[in-house]
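Subject: Structure handover

Hello,

Here is the structure I said I would pass on. Please look through it first; my notes follow below.

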Amino acid sequence: MAAYDVAVVGLGAMGSAALFHLSRRGQRVIGLEQFALGHDKGSSHGESRVIRLAYFEHPSYVPLLRRAYENWRELERLSGETLLTVTGVLEAGRPDSELVAGSLEASRLHGLSHEVLSAAEINARFPAFDLPADYTGVWQGDGGYLKPERASAAHRALARRHGAEIRSETKVRAIEPGARSVRIVMDDEVIEAGRVVVSAGAWIGELAPVLKPHLRLTRQVLCWYRPKTPAAFALGALPVFLIDGADDMVYGFPDFAETGFKCASHRGAEILASADAAAQDAGPADEARTRRFLERYMPGGAGELRAMKTCIYTMTPDEDFIVDLAPGDPRIVLASPCSGHGFKFASLMGEVLADLALEGGTDWDISRFRLGRFG
Ligand SMILES: Cc1cc2nc3c(=O)[nH]c(=O)nc-3n(C[C@H](O)[C@H](O)[C@H](O)COP(=O)(O)OP(=O)(O)OC[C@H]3O[C@@H](n4cnc5c(N)ncnc54)[C@H](O)[C@@H]3O)c2cc1C
């Protein structure tokens, strides 16, 4: 008999959530992480992540998001931590932009409560903004932000409470399907598990080469500023926002942790040759893009730069996720790092990945995330 029912490889957002859901279903589980837990080399660090319901990317994400919200609230109850703060989310741009049109379509299709605001209304309601007259905004009152490091730590702590074993600074070198179990090969040890969840983030192509041709890694830079008009950027005054500007989509958060006002570009990043090529090496040139955006649309935010961090997006060609059983071996579950918009789903993905590992399928509609769509 294999030593573990399920092994989870990679303990970032998705793996930590999967470990929790598997362990609370009574499975003998082990989680393996190559770096220290909560490290800043992957895709799940940087203080905050946007969560929103009216999903401009595609309306079919909305039912999944409803469940994700429920699961985040459950995680808060179980852990006693505040992980999700509702500030409202403002999405603004030209009326025909992907952001505004997509968010409106999702709102209307799913009957989500929202308001459409003119640029003048936005600029008056939220003094941080100076949007051009031809912009329009969609206000979703139930959007807000998550605390990613704390949320993943909460999933791991609860998993431990349910008996999960966790090993950090343990790199998995290979996953080898055997006749009776799957072998997890590390530098000086091999363990056997009945099933494996591969949630290795930007490194997933190393362990599941079948994914490699479909993934593009980009180096994203997060910036924290000391606003020139701090009151307009405080929690309560500034909502979480996404703006589809003339040459970039930029998103940001109110200064809820007194670390500064955080914002970042969603597009136009440098392509990385591998996940290991990423480093915390942001320099002045990296800030030019967001500063240009701020000067144009949020001039009170373009104050002194306080900090920068780099983080990896792992993009599929259609920017949808890959969550599927490995071709040829249903004991191996593949969970892609979700194209720069996956964190908000981690609370749901834990449940989905546990379903896939234990049942080979899930009642949640993840047909959009099948690997087979790439042919
Ligand atoms: C700058 C930035 C901003 C973002 N903003 C948002 C947002 O606002 N809202 C949102 O919903 N999403 C957002 N995302 C996307 C979201 O954060 C990611 O989709 C999500 O965090 C990915 O989680 P993951 O578990 O797949 O990857 P990770 O959290 O990176 O975890 C993968 C883990 O696997 C480990 N690992 C890899 N290989 C091995 C191995 N061989 N052996 C052992 N361990 C291994 C890694 O060390 C890592 O810890 C953002 C992403 C970035 C980078």
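The domain bounds used here come from an automatic or database domain assignment. On that basis the protein chain splits into domain 1 (4-45 + 149-213 + 319-374) and domain 2 (85-144 + 216-315). The model is a predicted one: local features need pLDDT of at least 70, side-chain atom pairs count only at pLDDT 80 or more, and totals for chains, interfaces and linings use all residues. Residues are numbered from 1 along each chain as its sequence is written.

Domains

The C-alpha centres of domain 1 and domain 2 are 30 Å apart. Domain 1 brings 13 residues to the contact and domain 2 brings eleven, where two residues are in contact if their C-beta atoms, placed from the backbone, lie within 7 Å. On the side of domain 1 that touches domain 2 there are three nonpolar, seven polar and three charged residues. Here Ala, Val, Leu, Ile, Met, Phe, Trp, Tyr, Cys and Pro count as nonpolar, Asp, Glu, Lys and Arg as charged, and the others, Gly among them, as polar.

Ligand

How many residues surround the ligand? There are 38, and the closest are G10, G12, G42, G201 and G342. A residue is near a molecule or strand if its C-beta atom, placed from the backbone, lies within 6 Å of it. The elements giving two or more residues to this shell are α1 (13-24), β3 (49-51), β13 (216-226) and β18 (304-315). Helices (H or I, at least four residues) and strands (E, at least two) are DSSP runs, numbered from the N terminus. By class, the shell holds 20 nonpolar, 14 polar and four charged residues. Domain 1 and domain 2 each supply at least three residues to the shell.

A residue is buried if 20 or more other C-beta atoms lie within 10 Å of its own, exposed if 12 or fewer, and partly exposed in between, with C-beta atoms placed from the backbone. In a regular strand the side chains alternate between the two faces of the sheet.

Strand β1 (residues 4-9) runs parallel to β2 and is joined to β2 by four bridges; two strands pair if DSSP finds at least two bridges between them. V9 stands opposite L32 in β2. From β1 the chain passes through α1 to β2, in a right-handed β-α-β crossover. Right-handed means that, with the strands pointing away from the viewer, the path from the first strand over the helix to the second runs clockwise.

β2 also pairs with strand β9 (residues 165-167), in the parallel sense and over three bridges. G31 has I166 in β9 as its bridge partner. E165 is in strand β9 too, and counts as partly exposed because it has 16 C-beta neighbours inside 10 Å. E165 and R28 are 137 residues apart in sequence, but their C-alpha atoms are 8.3 Å apart in space.

Positive phi angles

Most residues other than glycine have a negative phi. E47, which is not a glycine, has a positive phi of about 80°. E47 sits in the loop between β2 and β3 and is partly exposed, because 19 other C-beta atoms lie within 10 Å. E258 is not a glycine either, and has a positive phi of about 55°. The loop between β15 (249-253) and β16 (261-265) holds E258. Is E258 buried or exposed? E258 is exposed, because 7 other C-beta atoms lie within 10 Å.

G328 takes a positive phi near 85° in the hairpin of β19 and β20, which has two residues between the strands. Strands β19 (residues 323-326) and β20 (residues 329-335) are antiparallel and pair over four bridges. A326 has D329 in β20 as its bridge partner.

Two further residues

Y225 is in strand β13 and is buried, because 25 other C-beta atoms lie within 10 Å. Leaving aside neighbours within four places in sequence, the contacts of Y225 include F261, A302 and L305. R173 lies in strand β10 (residues 172-177) and is partly exposed, because 13 other C-beta atoms lie within 10 Å. With neighbours within four places in sequence again left aside, R173 is in contact with V185, M186 and D187.

Regards
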